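Biologist: I have not looked at this one before. Can you walk me through it?
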Amino acid sequence: MTNILTKVDDHTKKLLHKVHQVEYHSFGFNAEATGSYTYCFSNAMSHDVVDVTFTVHGPDEQSKFRIKVEKTDETALENEVETELNFLADEINNYRDEASYIIERDRRHRQTAESTKSRVLWWSLTQTAI
């Protein structure tokens, strides 16, 4: 267990979330108003090195955090279809981003391998000549 204090404040300095001494934690919320939100991770009581990872989702990700409101059956069905379509669009974008990353990583690794192979060839030729 780590001795880390985690706080989230909104733009008016109102405390939205506070947790102390937890090893793993997840927290999500919808921004109610525009402005700066403050994330504070404090280890003043400890000298441990701690890795902190968090993700902030923008307006295009709101479908995942949308509050459900009761409506008529027809409107509810339309909202359900819209929610599913938004989810599918998000998943397609995530897949595209991941595929782009993998292709770029593969290209960089291939360049490194080709460069290394070329250097080994020249080194071997130089050693043979000497």
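Modeller: Start with the pairing of two strands: β1 and β3 run antiparallel and are joined by 5 bridges. Keep in mind that this is a predicted model.

Biologist: Which residue in β3 stands opposite D9?
Modeller: T38 stands opposite D9 there. Another pair links L5 with S42 in β3, its bridge partner.

Biologist: How many bridges pair β1 and β2, and in which sense?
Modeller: There are 5 bridges, and the sense is antiparallel. L5 takes part here too, with H20 as its bridge partner in β2.

Biologist: What sits between β1 and β2?
Modeller: The two strands form a hairpin, with 5 residues between them. In the turn, K13 has a positive phi of about 70°.

Biologist: What is the strand order in the sheet?
Modeller: The order is β2-β1-β3, in an open sheet of 3 strands with antiparallel pairing. β2 (15–20) and β3 (38–42) are at the edges; each has a single partner strand, so one side of each has no neighbour in the sheet. From one strand to the next, the twist averages 10°.

Biologist: What holds strands like that together?
Modeller: Strands of a sheet pair through backbone hydrogen bonds, in a parallel or antiparallel way.

Biologist: Pick a residue in β1. Is T6 buried or exposed?
Modeller: T6 counts as buried, because its relative accessibility is 16% and the cut-off for buried is under 20%. T6 belongs to strand β1, residues 5–9.

Biologist: Which residues is T6 in contact with, leaving aside neighbours within four places in sequence?
Modeller: H17, K18, V19, C40 and F41.

Biologist: Let's zoom out. What order do the elements run in?
Modeller: From the N terminus on, they run β-β-β-α.

Biologist: How much of the chain counts as buried?
Modeller: Of its 130 residues, 10% do. The accessible surface of the chain is about 11,500 Å², and carbon and sulfur atoms account for 55% of that.

Biologist: Which residues form the nonpolar patch on the surface?
Modeller: V81, L85, F87 and L88 form it, and together they have about 370 Å² of accessible area. V81 lies in helix α1, which spans residues 73–129. With a relative accessible area of 44%, V81 is partly exposed.

Biologist: New topic: charges. How many salt bridges does a search of the whole structure find?
Modeller: It finds 3. In one of them, the side chains of R107 and E104 meet at 2.3 Å, N to O. Both residues lie in helix α1, 3 residues apart, or about one turn of the helix. R107 is partly exposed at 36% relative accessibility, and E104 is partly exposed at 32%.

Biologist: Which residue forms a salt bridge with D106?
Modeller: R110 does, with the closest N and O atoms 2.6 Å apart. D106 and R110 are 4 residues apart in helix α1, again about one turn. D106 is partly exposed at 38%, as is R110 at 47%.

Biologist: And where are K117 and E114?
Modeller: They are in helix α1, and because they are 3 residues apart, about one helical turn separates them. K117 is exposed, with a relative accessible area of 54%, whereas E114 is partly exposed at 44%.

Biologist: Why do such side chains pair at all?
Modeller: Side chains of opposite charge can pair when their charged atoms come close.

Key:
Residues are numbered from 1 along each chain as its sequence is written. This is a predicted model: local features need pLDDT of at least 70, side-chain atom pairs count only at pLDDT 80 or more; totals for chains, interfaces and linings use all residues. Side-chain values use heavy atoms; hydrogens and water are left out. Buried means under 20% relative accessible area, exposed over 50%, partly exposed in between (1.4 Å probe, protein chains only). Contact means heavy atoms within 4.5 Å. Patches are made of residues with over 30% relative accessible area and no salt bridge: like charges are joined within 9 Å, nonpolar side chains (Val, Leu, Ile, Met, Phe, Trp, Tyr) within 5 Å. Accessible areas come from the Shrake-Rupley method with a 1.4 Å probe; for residues, only the protein chains shown count as cover. A salt bridge is a side-chain nitrogen of Lys or Arg within 4 Å of a carboxyl oxygen of Asp or Glu. Two strands pair if DSSP finds at least two bridges between them. Axes are lines fitted to C-alpha atoms, for helices over the stretch in contact, and angles run from 0 to 180 degrees between N-to-C directions.
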